[in-house]
Amino acid sequence: MSPAETPAEATAPARRRFVDLSPLRISPAFARLWIGTSISGIGAHLTVVAVGLQIYAMTSSTFAVALVGGIALVPMIVAGVWGGMLADAFDRRLVLIVSSLVGWASTIALVVLSAVDAALAADGGRGEVWPFYLVTTVNSVASTISGATRFSVYPRLLPAAYVSRASALGGISGGIQLTAGPALAGVLVATIGLPLTFTVDVVLFAAGFLGILGLPKLRPLSRTARPGWESLRDGVAFLRHAPNIRASFLVDIVAMSFGRPFVLLPAVGATVIGGGPVTVGVLTAAAAVGTFLTGVFSGPVARVHRFGIAIGRAIIVYGAFVAAFGAVLAAMQTGWFGPVGPEWGQANVVALVLAAIALAGTGASDEVSAIFRSTMLLTAAPDEMRGRLQGVFTVVVAGGPRIGDLYAGVLASLVALWFPPVLGGLAIMAILAVLLRVLPSFRAYDARDPKP
């Protein structure tokens, strides 16, 4: 079946509640890519948590952990824009292969750096932190280019009617990655140490690479300017006349800039809720459980057409759950609930459960927003622009959390760990309520007549 076909079976069953698996059935190439990405993504999210634990172990500083994202932010922005131009100008399969190999090499470098630090720590010293910042920045750049390219191939592998269902399947994949990766990181760091934890990512990366190798050649369908100023101008000109896509970027930046509490988790596990690395893994995985469950019960997404309203309301709910997480931390930091410690047996179970529920809510509501935002981008934009727009989208998705990490790290250092999520959650709800009023085109967006 070619991606141009739109069979009658593409129509969603009226009573469907669970995820539609038909994209995996009708496109073996998409299935291979989805499976490979799901497996390798477990390792990628394992490494994100492990890097935070590594740097916190070396510095005992939440701000130092936040700098991982802050330092990588500008290179990621450049990589997203440039990677999108590469995806539009060249064979997208080749772009995926090269960027994935660079990411793989950077993960191997993390294994070496962590092993050196462990050897030095055994003798009472510590390694330098700056090489970790450098290598994680390279890894982030490679991941940004891969991400911009990977999602832009979906409409080339699937009929247009299946793109929203592929996005929902992406939620399941993301939920698997975010559940298994951080939880595995917490357990592995506590049992086999950081160097071997990074090694697990090196092994899992192979699955994602095999999924990429199984793609067909994906050369440009029409003439596109080579990466450079002309290509960039074309992309900017298109965005200037694409208010709905611009709005989808804006609302996600708001959510991620003010609602990313994950940089706080090493300190939360050590001093607020207790439980150390295992608590960090549990809380990070809790958000992924929400993402996963949204994907599983995503059957109704094919019947939703007012994407702008759905996105806005989902992000308002997201802000409420972020504020609830901050309220749990505030209650714990009063000291009323007794002492906690960095060992798993020293965690406050009640606080851990409440915090996990709040983070699961953030994962669920964010995934609702993500399904509709990604579908809007992929169906409202022409193929020759999808790489560049997906590059910007990837910068927003990956760069927003880096801004959020800096926001949370700075305010936590200046005030308290509970302050950034409480303030940020309230800010998200207020800003989204205003944006839905002042962006009438976005509010009226109808997927049956997609307009960028």
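Modeller: The model shown is predicted. One may begin with the handedness of a helix pair: α12 and α14 cross in a right-handed manner. The axes of helix α12 (residues 276–296) and α14 come within 6 Å and cross at roughly 40 degrees. That angle makes α12 oblique to α14, because angles under 35 degrees would count as roughly parallel.

Biologist: Which residues of α12 and α14 meet?

Modeller: On the α12 side, they are Thr-279, Val-282, Leu-283, Ala-286, Ala-287, Gly-290, Thr-291 and Thr-294. Their partners in α14 are Leu-352, Ala-355, Ala-356, Leu-359, Ala-360, Thr-362, Gly-363, Ala-364, Glu-367 and Val-368.

Biologist: At roughly what angle do the axes of helix α2 and helix α4 cross?

Modeller: Helix α2 (residues 28–59) and helix α4 (residues 92–122) have axes that come within 12 Å and cross at roughly 30 degrees. The two helices, α2 and α4, are therefore roughly parallel to each other. The crossing in which α2 passes α4 is left-handed. In the contact, Thr-47, Val-51, Gln-54 and Met-58 of α2 meet Leu-110, Ser-114 and Asp-117 of α4. The residues of the contact of α2 with α4 comprise 3 nonpolar, 3 polar and 1 charged.

Biologist: Is the crossing of α7 and α8 left-handed or right-handed?

Modeller: α7 passes α8 in a right-handed crossing. The axes of α7 and α8 cross at roughly 145 degrees and come within 8 Å. Leu-184, Ala-185, Leu-188 and Val-189 in α7 are in contact with Leu-194, Thr-197 and Val-200 in α8. The residues of the contact of α7 with α8 divide into 6 nonpolar, 1 polar and no charged.

Biologist: Let us turn to aromatic rings. How many aromatic pairs are there?

Modeller: Ring pairs are judged by the distance between ring centres and the angle between ring planes. The count comes to 7 aromatic pairs. One of them is formed by Trp-104 and Phe-209, and this pair is tilted, with 5.6 Å centre to centre and 50 degrees between the planes. The pair links distant parts of the chain, since Trp-104 lies in helix α4 and Phe-209 in helix α8 (residues 194–213), 105 residues apart. Ring pairs also link Trp-104, Phe-205 and Phe-209 into a cluster.

Biologist: Is Phe-209 buried or exposed?

Modeller: Phe-209 has a relative accessible area of 13% and is buried, because buried means under 20%.

Biologist: Where is Tyr-318 placed, and which residues is Tyr-318 in contact with?

Modeller: Tyr-318 is in helix α13 and counts as buried at 5% relative accessibility. Leaving aside neighbours within four places in sequence, Tyr-318 is in contact with Ala-255, Met-256, Gly-259, Arg-260, Thr-362, Ser-365, Asp-366 and Ile-428. Tyr-318 and Gly-363 are 45 residues apart along the chain, and their C-alpha atoms are separated by 8.0 Å.

Biologist: Which residues does Ala-168 touch?

Modeller: Ala-168, found in helix α7 (residues 163–191), is buried at 1% relative accessibility. Not counting residues up to four places away in sequence, Ala-168 touches Gly-295, Ser-298, Val-301, Glu-367 and Ile-371.

Biologist: What of residues in loops? Where is Asn-348?

Modeller: Asn-348 is in the loop between α13 (307–333) and α14 (349–380). At 15% relative accessibility, Asn-348 counts as buried. Beyond its neighbours within four places in sequence, Asn-348 is in contact with Ile-273, Met-332, Phe-337 and Val-340.

Biologist: Is Ser-60 buried or exposed?

Modeller: Ser-60 counts as exposed at 57% relative accessibility. Its place is in the loop between α2 and α3 (62–89). The backbone deserves attention here. Most residues other than glycine have a negative phi. Phi of Ser-60, however, is near 55 degrees, a positive value in a residue other than glycine.

Biologist: Which residue illustrates the category of partly exposed?

Modeller: Thr-379 is partly exposed, with a relative accessible area of 31%. Thr-379 lies in helix α14.

Conventions. Residues numbered from 1 in each chain as written. Predicted model: local features only at pLDDT ≥ 70, side-chain atom pairs only at ≥ 80, totals over all residues. Heavy atoms only, no water. Axes fitted to C-alpha atoms, helices over the stretch in contact; angles between N-to-C directions. Helix = DSSP H or I, 4+ residues; strand = E, 2+ residues; numbered from the N terminus. Parallel < 35°, antiparallel > 145°, perpendicular 65-115°, else oblique. Left-handed = near helix turned anticlockwise from the far one by under 90°. Contact = heavy atoms within 4.5 Å. Nonpolar A, V, L, I, M, F, W, Y, C, P; charged D, E, K, R; others polar. Buried < 20%, exposed > 50% of the residue type's maximum accessible area, 1.4 Å probe, protein only. Phe/Tyr/Trp six-rings, centres within 6.5 Å; stacked < 30°, edge-to-face > 60°.
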